[in-house]
Amino acid sequence: MRRLTALILFLAATPAFAQAPSLRETALALHNETRARVGAPPLVWDPKLAAAAAAWARELGRRDRMEHSPWEIRRGQGENLSMGARGWFSDAVLMRSWFAEAGDYRPGVFPEVSRTGRWQDVGHYTQAIWRGTTAIGCARGSSRTQDYLVCRYSPPGNMLGQRVH
């Protein structure tokens with residue numbers, strides 16, 4: 001019995017068995033760390049944005065197709081999307097794909113902010129670091145084979161003719 005108790009205590013203390021951070025904790029930590037690197041103020045969690053993100057994430061799971069929500073249903077909200085094989089990718093991995101776009105980013109006025117000449121190559125990153133954005137809410141949805149991560153931002157970024165940060 002002592003061995004079993006010791007094994008349980010050992011496993012409970014092992015990082016693999018530790019409770020994973022919540023989506024809220026992950027989103028705020030990764031976004032705010034990235035924003036701090038460029039001098040942008042931290043974001044706060046907004047439950048209304050999270051609810052809107054959840055509705056769209058469920059819809060993506062139902063459609064089993066990744067596409068941005070129509071502007072009419074998210075007026076005043078920016079949106080980042082990511083997807084991966086169901087159950088394979090953590091929230092952090094899905095979000096880090098957005099932050100990896102920093103390698104192609106060059107400071108400037110939107111949309112002239114990409115070393116590749118295509119703002120779409122950095123659009124997730126620029127939304128994440130947009131100085132005027134103050135709040136975020138995220139959610140996941142799933143189809144039979146895919147997980148969809150949706151983050152909503154307010155006020156939205158990627159505004160034509162405005163400096164990114």
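## Segment after S4

Asparagine 158 lies in the segment after S4. This is a predicted model, and in it asparagine 158 has a positive phi of about 55 degrees although the residue is not a glycine. Proline 155 is found in the segment after S4 as well. The peptide bond that joins serine 154 and proline 155 is cis, with omega about -20 degrees.

## Overall make-up

The protein chain has 5 helices and 4 strands. Read from the N terminus, the elements follow the order α-α-β-α-β-α-α-β-β.

Of the 165 residues in the chain, 43% count as buried. The accessible surface comes to about 9,400 Å², and carbon and sulfur atoms make up 58% of that area. Among contacts with a separation of 6 or more, 68% are between residues 24 or more positions apart.

## The sheet

The 4 strands form an open sheet in the order S1-S3-S4-S2, and the pairing is mixed. Strand S1 (44-45) and S2 are the edge strands, each pairing on one side only.

S1 and S3 run parallel and are joined by 2 bridges. Tryptophan 45 has isoleucine 136 in S3 as its bridge partner. Helix H2 lies across S1, S3 and S4, and runs at about 130 degrees to S3.

## Helix H4

Which residues of helix H4 (residues 91-99) are buried? They are Asp91, Ala92, Leu94, Met95, Trp98 and Phe99. These residues cover an arc of only 165 degrees around the axis, so they lie on the same side of H4. In general, an α-helix has 3.6 residues a turn, so residues three or four places apart point the same way.

What do the buried residues of H4 pack against? Their partners are helix H2 (23-37), strand S2 (78-85), helix H5 (123-129), strand S3 (135-142) and strand S4 (146-154).

The loop between H4 and H5 holds proline 111. The peptide bond from phenylalanine 110 to proline 111 is cis, with omega near 15 degrees.

Aspartate 64 is placed in the loop between helix H3 (47-63) and S2. Phi of aspartate 64 is near 55 degrees, a positive value in a residue other than glycine. Is aspartate 64 buried or partly exposed? Its relative accessible area is 37%, so aspartate 64 counts as partly exposed.

Definitions and conventions:
Residues numbered from 1 in each chain as written. Predicted model: local features only at pLDDT ≥ 70, side-chain atom pairs only at ≥ 80, totals over all residues. Heavy atoms only, no water. Buried < 20%, exposed > 50% of the residue type's maximum accessible area, 1.4 Å probe, protein only. Contact = heavy atoms within 4.5 Å. Areas by Shrake-Rupley, 256 points an atom, 1.4 Å probe, with all protein chains shown as cover. Arc of directions from axis to C-beta. Pairing = 2+ DSSP bridges. Axes fitted to C-alpha atoms, helices over the stretch in contact; angles between N-to-C directions.
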